[in-house]
Amino acid sequence: MLKRLFRIGMIACVLTFACNSYAQDGKGKYDYPRYGMWSNWSFGALAGPAWQSGLNANVANPTGGWAWGAKAIAKKQLNWDWTLRATVGAPMMWARFGGIDGFVSTVVGVEYSILNSCNWNPDRKADFYAFIESGLSWKAGNSQAAHIAGGAHFGLNALYTDMGLGYSYDLTEHSTVMAEASYGINADVPAPTSNHQFTSQSNVLLGIGYLYRTGLTAVDVEIQNQKSQLTLDNLDALTKQINDLELQVRNNKKAEEKLNNQIADLEQQLRNRPNVTGGNGNNANNDSLQAIINQIKDDQLTFYALPFSVLYPVDVWKIPADQMEKVKACARVMKDNPNVKFNLVGFCDMTGSDDYNWKLSQRRAEEVKRVLVEQFGIPADRLTCDWKGKTMAFGDLNYSVNRRTSFYRVIE
């Protein structure tokens with residue numbers, strides 16, 4: 001059975017590397033980000049039944065038997081295909097002859113993603129992989145079998161090589177479940193006397209386990225966000241945003257001139273009207289005309305809203321990475337038009353209390369201002385902040401459009 005499993009494993013590895021030659025092009029596959037040392041680690045353990053053969057020839061039942069094995073695992077993802085792994089465990093421990101026999105291994109090796117090599121998909125949650133690792137093993141035993149073999153002992157015993165296949169599935173961003181089938185060879189160091197030397201042993205471990213994935217460090221998250229803004233697609237999107245904004249500014253200037261002329265005409269009419277008392281209605285007409293003028297001035301702020309807003313997940317006030325293009329586009333327009341000023345207004349959806357959302361919308365507006373000033377060099381006196389909490393809503397009260405910071409041009 002062991003030879004058959006070994007052959008199956010070798011055939012699977014050969015087929016994996018052969019499939020890699022015919023894999024899809026996978027544009028960008030090998031543009032794996034160069035993360036820091038402490039990003040993308042996984043830590044966990046697995047356990048399950050184990051079979052071992054090749055016991056000491058002087059011990060009864062030399063063909064071995066079933067027992068339990070367990071491993072602690074640490075992994076570091078190197079790229080889309082390769083992962084560095086280290087394991088410490090007891091591939092085979094069993095109780096018989098009045099005690100415990102087995103060995104503990106400490107090995108280091110690599111893991112190769114079969115699915116990514118054949119059909120690369122960075123958003124895939126499942127993975128099927130092959131691995132091989134090698135290191136040292138320590139014999140552990142206090143049973144009658146251990147005494148026959150040279151006395152109860154725990155010490156350096158052999159060189160250990162392990163290989164196998166595994167399957168993993170990402171439950172969440174940080175949690176992964178896995179199953180592995182491994183075949184190991186324990187090349188024993190001879191016992192003190194030639195009469196009782198150990199033969200080489202082999203074992204099979206079938207285990208299931210759990211991994212906790214650390215993800216990216218804060219430093220790598222920030223670097224990745226910055227790099228994401230430099231991709232060609234994002235550059236094209238940013239260029240389009242800038243062009244749209246510049247067109248909006250030009251159209252707004254024309255509309256502003258038209259509105260200002262309209263206001264000037266109305267104010268001139270108001271000045272030309274006599275302020276007469278005696279119930280002839282002139283005062284009422286004048287008040288009505290003044291109300292129209294005031295309404296036009298009040299509407300200018302809303303009229304000059306930019307055609308986008310920074311959108312947020314629930315209970316977030318930091319600018320999401322995928323929304324930074326909008327802030328950058330606004331900064332570009334303000335630099336190209338030094339007389340333009342904006343009022344940044346924060347909004348919230350209906351989640352949470354009124355007081356909490358009022359402060360949250362304030363944080364959203366002030367954070368956009370801080371980024372424009374500190375990261376893009378926009379003068380602080382060209383930006384003002386306002387916030388509305390959840391007092392204003394569009395459509396469904398829980399739509400993401402209600403979790404936003406909007407840009408309104410200030411007309412002076």
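How do strand 1 and strand 8 pair, and over how many bridges? They pair in the antiparallel sense, over ten bridges, where two strands count as paired if DSSP finds at least two bridges between them. Strands here are DSSP runs (E, at least two residues), as are helices (H or I, at least four residues), and both are numbered from the N terminus. Before we go on, keep in mind that this is a predicted model, in which local features need pLDDT of at least 70 and side-chain atom pairs count only at pLDDT 80 or more, while totals for chains, interfaces and linings use all residues. Residues are numbered from 1 along each chain as its sequence is written, and side-chain values use heavy atoms, with hydrogens and water left out.

Back to strand 1, residues 41–53. On strand 8 (residues 201–213), Leu 211 is the bridge partner of Gly 44. Strand 1 also runs antiparallel to strand 2 (residues 65–77), joined by twelve bridges. Look for Pro 49 there: its bridge partner in strand 2 is Trp 68.

Now for the charged side chains. Side chains of opposite charge can pair when their charged atoms come close. A salt bridge here is a side-chain nitrogen of Lys or Arg within 4 Å of a carboxyl oxygen of Asp or Glu, and the structure holds 14 of them. One joins Lys 71 and Asp 162, at 2.6 Å from N to O. That pair links distant parts of the chain, with Lys 71 in strand 2 and Asp 162 in strand 6, 91 residues apart. Both Lys 71 and Asp 162 are buried, and buried means under 20% relative accessible area, with exposed over 50% and partly exposed in between (1.4 Å probe, protein chains only). These two also belong to a network of salt bridges that includes Lys 75, Arg 85, Glu 111, Glu 133 and Glu 180.

Who sits beside this pair? Ser 182, in strand 7 (residues 175–188), touches Lys 71 and Asp 162, among others including Phe 131 and Leu 205; a contact means heavy atoms within 4.5 Å. Ser 182 is buried, with a relative accessible area of 6%.

Another salt bridge brings Asp 170 and Arg 213 together at 3.7 Å, N to O. Asp 170 lies in strand 6 and Arg 213 in strand 8, so the pair ties together parts that are 43 residues apart in sequence. Asp 170 is buried at 18%, whereas Arg 213 counts as partly exposed at 24%.

Next, the rings. A pair of aromatic rings is described by the distance of the centres and the angle of the planes. Rings of Phe, Tyr and Trp (its six-membered ring) pair if their centres lie within 6.5 Å; planes under 30 degrees apart are stacked, over 60 edge-to-face, and the rest tilted. That rule gives four aromatic pairs. Trp 41 and Phe 43 are stacked, with 5.8 Å between centres and 10 degrees between planes. Trp 82 and Tyr 112 are tilted instead, at 4.5 Å and 55 degrees. Trp 82 lies in strand 3 and Tyr 112 in strand 4, so this pair ties together parts that are 30 residues apart in sequence. Tyr 112 is buried at 5%, while Trp 82 is partly exposed at 31%.

Methods. Lists of a residue's contacts leave out its neighbours within four places in sequence.
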